[in-house]
Amino acid sequence: MVSGSTPGLLYGLPKVHKLGIPLRPILSAINSPTYKLSKLLLPLIDPVTSNQYSIKDSFEFSEFITSVSINNCYMASFDVKSLFTNVPVKETRDIIVNQLFPAPDYILHSLNKTQFAKLLNLATNDTIFLFDNQLYKQTDGMAMGSPLGPAFANSFLSFHEQNWLNACPPEFKPTVYKRYVDDCFLIFNHQSQATLFLDYLNTKHRNITFTMEGQDDNSLPFLDILVKHSNGSFSTSLYRKPSTTLLGLNFFSFLPTKYKLSALQCRLYRAFKLCSTWIDFHEEIKYLHNFSNFNLFPISLISDLVRKLLDDVYRPKSPLITVPKQKIYLKIPYIGLNTIKMINSLNPTLHKTFPAVQFIFTPVNGFKISNFFKLKDTIPLGLRSSLVYQFTCADCNARYIGQTGLQLNLRISKHLGLSYRTNLPLTTPESSSIRTHSLDMKHSVSREKFEILASANDSLSRRILESLYIRELKPELNKDLSSIPLFLF
């Protein structure tokens with residue numbers, strides 16, 4: 001069935017920390033034909049995306065490595081070169097399906113093995129995207145930005161690495177092996193074993209190539225952590241790449257104060273959780289003092305936030321026992337202090353009217369750097385969907401305003417009474433004020449005279465926007481003055 005969708009957009013993010021500043025390809029798949037199907041399948045395949053070697057995040061790894069005790073060892077990090085684009089999609093689909101369905105008659109969420117395989121095939125085949133105003137189809141590999149990309153990469157490596165490690169000769173098998181997506185942390189007895197194991201892994205699959213970085217002065221960066229080995233134990237602190245600068249969110253940015261505080265609070269929390277010694281934590285606080293000063297934060301702010309963090313950890317307050325409320329998030333434009341005043345004035349009324357609901361307002365500043373520098377291709381108007389549009393007659397300037405969840409090209413074809421597949425006239429076209437006007441007045445209808453006024457993902461928002469535009473512009477060709485009651489005077 002026809003539904004509103006748009007092709008994905010391929011763009012590149014520069015890797016400023018690497019020689020030559022290569023681009024990392026990112027596929028923005030939001031609103032692509034299989035995006036929602038991919039999101040639906042994602043939690044279903046989660047059980048096969050990890051194993052005993054997987055780590056969830058930096059916090060889990062820090063907790064693990066600081067519990068390890070080894071006297072003489074050599075640390076190394078392995079990285080899979082371009083993992084996402086080299087994942088063999090068909091092979092990985094088979095791995096996932098065979099692991100999720102151990103028996104032919106096994107049922108998972110009301111789906112049998114054949115049905116699930118078809119859905120997974122639909123979600124990963126025929127990925128269409130735009131680049132430089134040209135349409136392309138991805139023939140193999142998973143794109144970064146695709147909902148199923150990390151899951152497929154993890155499923156592929158989780159399946160194979162168990163076999164590789166089980167079959168590895170004991171002469172150079174690592175004593176510790178942990179992996180986060182394509183980054184692996186390994187510990188060997190001797191440095192020579194690391195090279196032998198690297199050569200061993202690089203013979204295991206034609207699509208996969210590992211690179212290696214060894215320890216330097218008993219230290220090794222892994223993810224955003226610096227792991228140090230001394231006297232048989234491991235400690236961790238925060239690691240920053242050489243390209244990192246002090247530039248961050250400025251205190252005078254046009255944003256609510258809570259967002260500015262969060263920029264420091266999250267850094268403080270990471271420092272406290274990832275620094276395994278008080279000396280490293282102290283050094284991180286000194287760095288955050290420089291960071292806050294550089295970005296014009298009040299001098300005393302970091303000290304106040306550190307005090308609050310330590311009080312919350314070592315002097316926790318007794319939680320108030322209450323009935324949990326339903327949380328509803330509301331995004332509103334941020335226009336300064338007036339926005340905060342409006343939220344403060346609305347909260348008491350909302351709490352009184354809806355006592356079982358907690359309304360959380362999210363003020364958003366719509367002005368971004370991306371508004372001035374485009375990183376992505378612009379989707380052609382005809383391929384955009386879920387929008388409010390306007391038609392202007394080229395002969396008499398009569399206007400029509402409508403809304404649709406379809407692509408604009410498809411909606412225009414319906415107005416013209418044409419098949420969107422063959423562009424031939426339909427035997428029984430649906431009624432259209434634009435086509436009626438064209439036939440009665442013998443005026444031409446050009447696709448170029450359609451323009452987009454606004455976009456909204458859900459039907460209710462589009463109908464409200466359509467009604468507001470009809471009320472404001474009073475188009476001559478609209479029979480109905482409103483598609484939904486507005487209760488405006």
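Helix α4 (residues 89–100) packs against helix α6 (residues 149–166) at an angle of about 70°, and their axes lie 9 Å apart. The axes are lines fitted to C-alpha atoms over the stretch in contact, and angles run from 0 to 180 degrees between N-to-C directions. That makes α4 roughly perpendicular to α6, a term that covers 65 to 115 degrees. Contact means heavy atoms within 4.5 Å. On α4, the contact uses Val89, Glu91, Thr92, Arg93, Ile95, Ile96 and Gln99. On α6, Phe152, Ser155, Phe156, Phe159 and His160 take part. Six of these contact residues are nonpolar, four polar and two charged. Asp, Glu, Lys and Arg count as charged; Ala, Val, Leu, Ile, Met, Phe, Trp, Tyr, Cys and Pro as nonpolar; the others, Gly among them, as polar.

This is a predicted model: local features need pLDDT of at least 70, side-chain atom pairs need 80 or more, and totals for chains, interfaces and linings use all residues. Residues are numbered from 1 along each chain as its sequence is written, and side-chain values use heavy atoms, without hydrogens or water.

Now turn to helix α14 (residues 459–473). Its buried residues (under 20% relative accessible area, 1.4 Å probe, protein chains only) are Arg462, Glu466, Ser467 and Ile470. Seen down the axis of α14, they fall within an arc of 135°, so they line one face of the helix. The arc is taken from the directions from the helix axis to the C-beta atoms. Their cover includes β14 (385–392) and β15 (399–407). After α14 comes Lys474, with a positive phi near 50°.

Finally, the whole chain. It has 14 helices and 16 strands. Of its 489 residues, 40% count as buried.

Key:
Helices (H or I, at least four residues) and strands (E, at least two) are DSSP runs, numbered from the N terminus. Angles under 35 degrees count as roughly parallel, over 145 as roughly antiparallel, 65 to 115 as roughly perpendicular and the rest as oblique. Buried means under 20% relative accessible area, exposed over 50%, partly exposed in between (1.4 Å probe, protein chains only).
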